[in-house]
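Here are my notes on this chain, as numbered points. Please read them with the model open.

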Amino acid sequence: MDRLQYSAWQYVAEVLPPEELPMLAAHALADGRDSPALRELAGLPRRSDSVEVRELYVLALHELGIPVPDEDTAGRCLLVRLAFGLAKGELSPKDVGDGLSMTVAARTREETRFLSVAAVYSEWLGPDELPGWEKELRTAAHSLAAATDLGPAVSPVPGQALHGSPTNREPR
């Protein structure tokens, strides 16, 4: 999964803050992507005007031929990516619970099941409740990963955290 394509889903789902976009652009340049707007975005300070940052980001996606998805598609892709990450051991159950946003979407039975189990997570789950929740979440993740029509296109990029920035975390 391309870092910029994934970021487009996050952008639409409003889980990617504008202050992260210049660094994302810099990483995309380092990955070999290039466009005038991407270079300009990468050169902006982190605290730049959010309207300017968003406009440059969308322009960069357009210049690179990366579509900006509709909200439903973005939400489904983010949900399925969380399931793939958990099923492959690249995310923990807590990462999944923390990675949910208000804009994730579910269309299929498996997506709905995974979302409903993941949404139960909170920091107030007791120690006796956590193992059962984690097991149920892993089962739902495997079912979704096996049944999705979105397939491996949404599979996490090794070494890439949920927010799209590189991480030093090794897969479990």
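1. A term to begin with: contact means heavy atoms within 4.5 Å. With that cut-off, and leaving aside neighbours within four places in sequence, Arg-76 is in contact with Ala-105, Arg-107, Thr-108, Glu-111, Asp-149 and Leu-150. Keep in mind that this is a predicted model.

2. Where does Arg-76 sit? It is found in helix 5. Buried means under 20% relative accessible area. Arg-76 has a relative accessible area of 5%, so it counts as buried.

3. Now the overall layout. The protein chain has 8 helices and 0 strands. From the N terminus on, its elements run α-α-α-α-α-α-α-α. Of its 172 residues, 44% count as buried. The chain exposes about 8900 Å². Carbon and sulfur atoms supply 54% of that area.

4. Contacts along the sequence come next.

5. The largest nonpolar core holds 45 residues. Which of them touch the most other members? They are Leu-4, Leu-21, Leu-41, Tyr-57, Val-96, Phe-114 and Leu-137. Two or more residues each come from helix 1 (3–12), helix 2 (21–30), helix 3 (36–42), helix 4 (50–63), helix 5 (71–87), helix 7 (109–118) and helix 8 (130–147). Helix 5 gives the largest share, 9 residues.

6. Leu-4 deserves a look of its own. Not counting residues up to four places away in sequence, Leu-4 touches Leu-24, Ala-28, Arg-33, Tyr-57, Leu-61, Leu-64 and Ile-66.

7. Which residues of helix 4 are buried? Val-53, Leu-56, Tyr-57, Ala-60 and Leu-61 are. Seen down the axis of helix 4, the buried residues fall within an arc of 135°, so they line one face of the helix. On the other side, Glu-55 and His-62 are exposed.

8. What do the buried residues of helix 4 pack against? Their partners are helix 1, helix 2 and helix 3.

9. One backbone detail remains. Gly-65 follows helix 4. The phi of Gly-65 is positive, near 75°.

How values were computed
Residues are numbered from 1 along each chain as its sequence is written. This is a predicted model: local features need pLDDT of at least 70, side-chain atom pairs count only at pLDDT 80 or more; totals for chains, interfaces and linings use all residues. Side-chain values use heavy atoms; hydrogens and water are left out. A nonpolar core is a set of buried Ala, Val, Leu, Ile, Met, Phe, Trp, Tyr and Cys residues joined through side-chain atoms within 4.5 Å. Buried means under 20% relative accessible area, exposed over 50%, partly exposed in between (1.4 Å probe, protein chains only). Helices (H or I, at least four residues) and strands (E, at least two) are DSSP runs, numbered from the N terminus. The arc is that of the directions from the helix axis to the C-beta atoms. Accessible areas come from the Shrake-Rupley method with a 1.4 Å probe; for residues, only the protein chains shown count as cover.
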